[in-house]
Amino acid sequence: MLKFFQGKGDKMKSKKGYLIDPKNQSMTEVEIGNYKDIQKHLNCRVFSSADYYLKREPFDRYGSLNDSLYIDDEGLLVDDEDTNFCFTFGICDPIYSKGLIMGLNYDNGETTDKPFVPMEIYSDHIIFGWSAHKPKPRFEIRPFTLEDLK
């Protein structure tokens with residue numbers, strides 16, 4: 001859960017994040033005050049975390065285990081020209097939406113003031129792309145037995 005409240009009272013402290021824009025092939029630092037700012041920057045209704053994109057080499061050497069990547073949860077459902085642009089970090093599947101990297105303290109669930117890894121490290125490893133045909137969203141349930149787990 002994203003927590004933006006710090007200390008006593010209802011004062012919100014603005015946080016910094018890295019906005020990934022695959023259409024413009026850019027990564028910029030943005031201010032985030034609350035979850036509505038995330039929705040605005042990602043241009044989405046619902047967002048989710050895709051942290052597994054950041055939990056690997058070379059980012060883990062710089063502290064990415066404490067960074068979180070937010071993406072449009074319905075990115076594959078939207079069918080317009082702007083959403084055919086994508087980005088990835090190497091071996092991972094492409095993400096067909098904007099992305100937002102923010103720092104996260106996993107011990108207490110608090111969003112940190114800024115991501116742990118410098119933006120230059122992420123921008124050096126990002127790959128932008130475009131596809132005329134996005135993959136179809138799918139949901140799959142596979143039955144398994146205890147034998148499958150061995």
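**Salt bridges, rings and strands**

Guide: The side chains of E31 and K16 form a salt bridge, 2.6 Å from N to O. The model is predicted.

Visitor: Why is the contact of E31 and K16 called a salt bridge?

Guide: A salt bridge needs a side-chain nitrogen of Lys or Arg within 4 Å of a carboxyl oxygen of Asp or Glu. E31 and K16 meet at 2.6 Å, so the pair qualifies.

Visitor: Where in the chain do E31 and K16 lie?

Guide: E31 is in strand β2 (residues 26–32) and K16 in strand β1. They are 15 residues apart, and the pair links distant parts of the chain.

Visitor: Are E31 and K16 buried, partly exposed or exposed, and how do you know?

Guide: Buried means under 20% relative accessible area, and exposed means over 50%. E31 has 43% and K16 has 29%. Both values fall in between, so both residues count as partly exposed.

Visitor: How many salt bridges does the structure hold?

Guide: It holds three. Another one of them joins K15 and D113, with the closest N and O atoms 3.5 Å apart. That is within 4 Å, so the pair counts.

Visitor: What makes K15 and D113 a link between separate parts?

Guide: K15 lies in strand β1 (residues 15–21), while D113 lies in the loop between β7 (110–111) and α2. The two are 98 residues apart in sequence, so the pair ties those parts together.

Visitor: What makes R45 and E74 a salt bridge?

Guide: Their closest N and O atoms are 2.4 Å apart. The limit is 4 Å, so the pair qualifies. R45 sits in the loop between α1 (35–42) and β3 (47–49), E74 in the loop between β4 (67–72) and β5. At 57%, R45 is over the 50% mark and so counts as exposed. E74, at 22%, counts as partly exposed.

Visitor: Now the rings. How many aromatic pairs are there?

Guide: There are four. One of them is F87 with F89.

Visitor: Why is the pair of F87 and F89 called edge-to-face?

Guide: Rings pair if their centres lie within 6.5 Å. Here the centres are 6.1 Å apart. F87 and F89 are both buried.

Visitor: Why is the pair of F89 and Y122 called tilted?

Guide: The planes meet at 55°, with the centres 6.0 Å apart. F89 lies in the loop between β5 (85–88) and β6 (99–105), and Y122 in helix α2 (residues 119–125). They are 33 residues apart in sequence, so the pair ties those parts together. F89 and Y122 are buried.

Visitor: Which residues do ring pairs link into a cluster?

Guide: Y18, F87, F89 and Y122.

Visitor: How do you know that β1 and β2 pair?

Guide: Pairing needs at least two bridges between the strands. Seven join β1 to β2, so these antiparallel strands pair. L19 has T28 in β2 as its bridge partner.

Visitor: What about β1 and β6?

Guide: They have three bridges, so they pair too, in the antiparallel sense. I20 stands opposite G99 in β6.

Visitor: What makes β1 mostly covered?

Guide: Six of its seven residues are buried.

Definitions and conventions: Residues are numbered from 1 along each chain as its sequence is written. This is a predicted model: local features need pLDDT of at least 70, side-chain atom pairs count only at pLDDT 80 or more; totals for chains, interfaces and linings use all residues. Side-chain values use heavy atoms; hydrogens and water are left out. Rings of Phe, Tyr and Trp (its six-membered ring) pair if their centres lie within 6.5 Å; planes under 30 degrees apart count as stacked, over 60 as edge-to-face and the rest as tilted. Buried means under 20% relative accessible area, exposed over 50%, partly exposed in between (1.4 Å probe, protein chains only). Helices (H or I, at least four residues) and strands (E, at least two) are DSSP runs, numbered from the N terminus.
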